[in-house]
Amino acid sequence: MTYSYQRRKRRGGRGLMTLLILLLPAALVILPTSMLLIAGLIPTIVAIIVDRDTEKSAALTVGAMNLCGVAPFIVQLWQQGHTVTLAMRMLTTPHTWLVMFGAAALGWLMYFFIPQIVVAVASLRAQSKIKELEERRALLIADWGTEIMARPDADKAEPAGLMDNLGENDEKRS
């Protein structure tokens, strides 16, 4: 381990400790809200621990959706009196847990499936563009003949798929 890495690691530990010391009194002042947040954001805490990515994209996705699931109950808590009793009543209701953890589950689904959907759409668009370019090339060859295909590097092979429809286009033209 290098000296700068060790120093940054120690400084980060002190920063976390300072943050905890500052947040603890605030958490006690708003104890009912803190109770709901800590209990409701358990999936986010797990995502932070499990996510090995440096950008923490899983933790961000799960955390955002999880916070959306916790927020209505915090608002309800604030509107109905902000008491520890009310917070405990909310935490003993299965509906509360279903909404909070269900939102986190949607975050996990988004994290796993949206990248796959994006790749599939990009692949379909690329295949469509290739097909369009091959059709345009076939039309040019049909209009101008194969002489336009003369290349300075005649020893290089033609890319696969570009000459597949050439014979069919000659038959259609005659």
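The model is predicted. Helix H5 (residues 84-91) packs against helix H2 (residues 31-40) and is also in contact with H4. The largest pocket has a volume of about 420 Å³.

**H2 and H5**

- The axes of H2 and H5 come within 8 Å and cross at roughly 20°.
- Angles under 35 degrees count as roughly parallel, and H2 and H5 are therefore roughly parallel to each other.
- The crossing of these two helices is right-handed.

**H4 and H5**

- Helix H4 (residues 57-79) and H5 have axes that come within 10 Å and cross at roughly 145°.
- The crossing of H4 and H5 is right-handed.
- H4 contributes Phe 73, Gln 76 and Leu 77 to the contact, while H5 contributes Leu 86, Ala 87 and Met 90.
- By class, the residues of this contact are 5 nonpolar, 1 polar and no charged.

**Largest pocket**

- The pocket is lined by 16 residues, of which Leu 23, Leu 37, Ile 38, Leu 41 and Ile 45 are the closest to its centre.
- At least two lining residues come from each of helix H1 (3-29), H2, helix H3 (42-50) and H4.
- H1 provides the largest share of the lining, 5 residues.
- The lining divides into 12 nonpolar, 4 polar and no charged residues.

Technical notes:
Residues are numbered from 1 along each chain as its sequence is written. This is a predicted model: local features need pLDDT of at least 70, side-chain atom pairs count only at pLDDT 80 or more; totals for chains, interfaces and linings use all residues. Side-chain values use heavy atoms; hydrogens and water are left out. Axes are lines fitted to C-alpha atoms, for helices over the stretch in contact, and angles run from 0 to 180 degrees between N-to-C directions. Helices (H or I, at least four residues) and strands (E, at least two) are DSSP runs, numbered from the N terminus. Angles under 35 degrees count as roughly parallel, over 145 as roughly antiparallel, 65 to 115 as roughly perpendicular and the rest as oblique. A crossing is left-handed if the near helix is turned anticlockwise from the far one by less than a right angle, and right-handed if clockwise. Contact means heavy atoms within 4.5 Å. Ala, Val, Leu, Ile, Met, Phe, Trp, Tyr, Cys and Pro count as nonpolar, Asp, Glu, Lys and Arg as charged, and the others, Gly among them, as polar. On a 1 Å grid over the protein atoms alone, a cavity is a set of points where a 1.4 Å probe fits but cannot get out, and a pocket is an open set with protein on both sides within 12 Å along at least five of seven lines; lining residues have an atom within 4 Å of a point. Grid points are joined across faces, edges and corners, and a volume is the space filled by probe spheres set on the points.
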